[in-house]
Amino acid sequence: MWQFLASNLPHLTAALNLTATVLLILGLINIRKGRARVHKQMMLRALAVSALFLLVYLFHKVALHQATGGWNRRFPTDPAVASDAARYTYYGILVTHLLLAMIVPFLAIKAVLLARSGRIAEHKRLVRFAYPAWMYVSVTGVLVYLMLYQIYA
C-alpha cells in the first residue's frame, strides 16, 4: 500500500497545483472585470485546493518514507538521464519554490482576512506581492513534478 501511495500521490499533488493555478488565473481575470463576488469564490477555492494539496503532499512524504526509508525522491545524477544543466535548473526552481511555499500560505490567509474585514486598500497592497508569489509556487510545483516524475524519471 505504501509503495502504491508513494508512486501515485505525486500525480494528485501536481493536479491540485494545476487546479490552483487555473483558479488563481480565473480570480485575477474576474477581479479585473469588476466581478468581485466571482473573484472571491475563485480565490477561496484556490486556497482550499492549496490546503488540500498540502495535506496530500505531507501524506505523500509519510508514504514515501514508509516505502523507501527516505522523505524525498532524488533527482537523477546520471548524466545519461539528466544533464548538469537540467539538474541545476531543477534545484534552482526547487529552492525558490520551497522558500516561497513556506510564506505563501501566511500571505494568502492574511489577504483573505484583509478582504473579509473590508480593508481593501491593504488587501490590494499585499496581493501585489502575494498573488505573483502564489502563482509562482503553483506553477513551479507543476514544473518540479514534471521534471522529477515525468521528464527525468
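Colleague: In which helix does Thr19 lie?

Modeller: This is a predicted model, where local features need pLDDT of at least 70, side-chain atom pairs count only at pLDDT 80 or more, and totals for chains, interfaces and linings use all residues. Residues are numbered from 1 along each chain as its sequence is written, and side-chain values use heavy atoms, leaving out hydrogens and water. Helices (DSSP runs of H or I, at least four residues) and strands (runs of E, at least two) are numbered from the N terminus. The helix that holds Thr19 covers residues 2-32 and is H1.

Colleague: Is Thr19 buried, partly exposed or exposed?

Modeller: Buried means under 20% relative accessible area, exposed means over 50%, and partly exposed is in between, with a 1.4 Å probe and protein chains only. Thr19 has 36% relative accessibility, so it counts as partly exposed.

Colleague: How are H1 and H2 oriented to each other?

Modeller: Axes are lines fitted to C-alpha atoms, for helices over the stretch in contact, and angles run from 0 to 180 degrees between N-to-C directions. The axes of H1 and H2 come within 8 Å and cross at roughly 165 degrees. Angles under 35 degrees count as roughly parallel, over 145 as roughly antiparallel, 65 to 115 as roughly perpendicular and the rest as oblique. H1 and H2 are therefore roughly antiparallel.

Colleague: How far apart are the end C-alpha atoms of H2?

Modeller: The expected span of a helix is 1.5 Å times one less than its number of residues. H2 runs over residues 36-68, so its 33 residues should span 48 Å. The model agrees with that, since the end C-alpha atoms are separated by 47 Å.

Colleague: What is the handedness of the crossing where H2 passes H4?

Modeller: The axes of H2 and H4 come within 13 Å and cross at roughly 40 degrees. That makes H2 oblique to H4. The contact involves His39, Met43, Ala46, Leu47, Ser50 and His60 of H2 with His123, Tyr131, Trp134 and Tyr149 of H4. A crossing is left-handed if the near helix is turned anticlockwise from the far one by less than a right angle, and right-handed if clockwise; that of H2 and H4 is left-handed.

Colleague: Which residue just after H2 takes a positive phi?

Modeller: H2 covers residues 36-68. The phi in question is about 85 degrees, and the residue is Gly69.

Colleague: What pattern does the protein chain follow along the sequence?

Modeller: The protein chain has 4 helices and 0 strands. Its C-alpha trace spans about 55 × 35 × 20 Å along the principal axes. Read along the sequence, the pattern is α-α-α-α.

Colleague: What share of the 153 residues is buried?

Modeller: Among contacts in the protein chain with a separation of 6 or more, 70% join residues 24 or more positions apart. For the 153 residues of the chain, the buried share is 37%.

Technical notes. Contact means heavy atoms within 4.5 Å.
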